[in-house]
Amino acid sequence: MLAVDDLSFVVEPGTVTGFLGPNGAGKTTTLRMLLGLVAPTSGSALVNGRSYHDLADPTRTVGGVLEASGFHPARTARNHLRIVGTVAGIDSGRVDEVLELVGLGTDGDRKVGGFSLGMRQRLELARALLGDPQVLILDEPANGLDPQGIAWMRGFLRWYASQGRIVLVSSHLLAEAAQTVDRVIILAGGRLVAEGPLDQLLQGATTTVRVRTPDAERLVRLLEDAAASGPVDHPPTSVRLEGPDVVMAEGTTAETVGPLMARAGIVVYEMTSSGESLEQLFFELTEGLEQGGHPMGRPGPPPTSGGPVQGSAP
Amino acid sequence: MRQVAAELKKFRTIWSTWLLLGITAFLVAALTAVIAFAPHDRGARELLFPMRGTTRWFDSIFSSLTVSLTLALVLGILCMTGEYRHKTITPTYLAQPRRGRVVVSKLLASALGGAVVAVVAGAVALVFGFSVVGAGIGDSSRMLTEYRHVFPGVLAAAILYAVYGVGLGALLKNQVVAIVVGLGVTAILEPIIVAVVPSVGRWLPGQVAQALESVTANANGLNNGITHLVLWWQGGLALLGYGIVLAAAGAFTTLRSDVT
């Protein structure tokens, strides 16, 4: 089965890059190719210009955090790490260090069989960090973590990238990813559908703009004219009146509606745009591309509450 | 070398290895006692149950050491297939992406593991030997002579049997299948083939291991009446060949497949 087709992308130091896509999009397969576990039919998966197999010291170059299942249940966490350390020539002092770093400082001598999924996920991260690698590749690291753990992981990844290192993280949790990543790579049906800085990608995304104004009816006419003649970048696809003073314009942007109202001298009490989110962008890009022919379709009307959403990472 | 050290650490850090050594000690002790104190027989069973205290008797009780071959085989199989069973193959290949090196390290580490199994078995048998001598059955020089006849061959065969186990595991990958095949070939298939086509049968793993085991026993003419075996060094080379060829075949087929 073809999981990933003709995909190429570059990730940069100092950034957290989100690797996003629906289930079955080929995220895990791609990451496993980068880590030398899956062989591409053709082409190459290179880290620092080299395939994983050719890295002189893989543990010190790339840290791979995969599905937290590669543990012998009867082995202690510390021994699990010491074995990897032995191969890479890393001493047991560093093993204690990474256990401490991921919050397993007191669980090192426990058998992994008794670990919760969250603890296994942390241990998996600890293993990847053993060699203090320049590149960290993580496949759904938030899986099994509790909310505190997820927040911790987010902070950790941001900190790791801020040291000038490369963090590539796959996720299907868009809200979580939106808070963590600087750049995104969006994959659907095994193909790249978008790549770039998150805030740039979101700028082009259309949204629903909600305006509260005493001149609601005039605004509706103004926007309908704009939609018909289209002298603007994102003319609204539909405009409707919601209540006596609220106008909803879909398929446009605040940057389009605002200047129009300014030129027409319409007073604004309140203006919000919603759906200007990674999630919205994601659905637009991946619609109909899910594997197995089950297009998820667009979700219901986007929520209209909440302030203007800035998609960029904190 | 670091990879071999890591493989040895893998053995040391799980209880199943220690359990396996415990089973080895127990089986050797039990078998030795059964053979030693079974009523001796002038008839057909005289070969296995000779008069107490005789040279043949010591040779016979030390034949219990051959059970360590089976355990060495299991150790070798576990070394390879355990990684796939517990998915630890993922961190293993992340730390050492050159899979051939992992397999070679496992062959070396398991060879050492097989030696440890044989040494544990040998120690138990030796303690037993000294105990019976202490109890006034036979004399220690006769006992030690027989021990020296049996133990080196068992040690060599156990080392190579563990290597053969890694080869089986590398090719079959599945733990249960590898153990069933490994034990089934020796216990069921071999006797049939030996009976029907001895010229082929004598080259099968269990038979070449027996030939290797008799390396020192042959000198005493105590080959337990088995005449179809190949020479001990041929047996050793053949057994080593089984391990290496199977491991190489595994490295080029099953072990190359994607780890998902």
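Modeller: Two rings of Phe, Tyr or Trp (its six-membered ring) form an aromatic pair if their centres lie within 6.5 Å; planes under 30 degrees apart are called stacked, over 60 edge-to-face, and the rest tilted. In this structure, B:W57, B:F58, B:F62, B:Y147 and B:F151 form one aromatic cluster. This is a predicted model, in which local features need pLDDT of at least 70 and side-chain atom pairs count only at pLDDT 80 or more, while totals for chains, interfaces and linings use all residues. Residues are numbered from 1 along each chain as its sequence is written, chains are lettered from A and ligands numbered from 1 in the order in which they are written, and side-chain values use heavy atoms, with hydrogens and water left out.

Colleague: How many aromatic pairs does the structure hold over all chains?

Modeller: Over all chains there are 12 aromatic pairs. One of them joins A:F9 and A:F19, with 5.3 Å from centre to centre and 40° between the planes, and is tilted. A:F9 lies in the segment before β1 (16-20) of chain A and A:F19 in strand β1 itself, so the pair ties together parts that are 10 residues apart in sequence.

Colleague: Is A:F19 buried or exposed?

Modeller: Buried means under 20% relative accessible area, exposed over 50%, and partly exposed in between (1.4 Å probe, protein chains only). A:F19 is buried, at a relative accessible area of 0%. B:S60 also counts as buried, because its relative accessibility is 4%.

Colleague: Where is the place of B:S60 in chain B?

Modeller: Helices (H or I, at least four residues) and strands (E, at least two) are DSSP runs numbered from the N terminus. B:S60 belongs to helix α3 of chain B, residues 55-62. Its C-alpha is 7.8 Å from that of B:A36, although B:S60 and B:A36 are 24 residues apart in sequence.

Colleague: How many helices and strands are there in chain B?

Modeller: Chain B has 11 helices and 0 strands, and 50% of its 260 residues are buried. Chain A has 11 helices and 12 strands, and 51% of its 314 residues count as buried.

Colleague: Which strand of chain A pairs with strand β10?

Modeller: Two strands pair if DSSP finds at least two bridges between them. Strand β10 (residues 238-241) of chain A pairs with strand β11 (residues 246-252) of chain A in the antiparallel sense, over 4 bridges. Here A:R240 stands opposite A:M248 in β11(A). The hairpin of these strands has 4 residues between them, and A:G243 takes a positive phi near 80° in this hairpin.

Colleague: Which ring does the charged end of A:R122 sit over?

Modeller: A charge sits over a ring if NZ of Lys or CZ of Arg is within 6 Å of the ring centre and within 35 degrees of the ring normal. The charged end of A:R122 sits over the ring of A:W152, 5.0 Å from its centre. Likewise, A:R165 lies over the face of A:Y160, at 4.3 Å from the ring centre.

Colleague: Which residues in the largest nonpolar core touch the most other members?

Modeller: A nonpolar core is a set of buried Ala, Val, Leu, Ile, Met, Phe, Trp, Tyr and Cys residues joined through side-chain atoms within 4.5 Å. In the largest core, of 54 residues, A:L123, A:L125, A:L136, A:L138 and A:L278 touch the most other members. Apart from this core lies another, of 45 residues, including B:I35, B:A125, B:V132 and B:V133.
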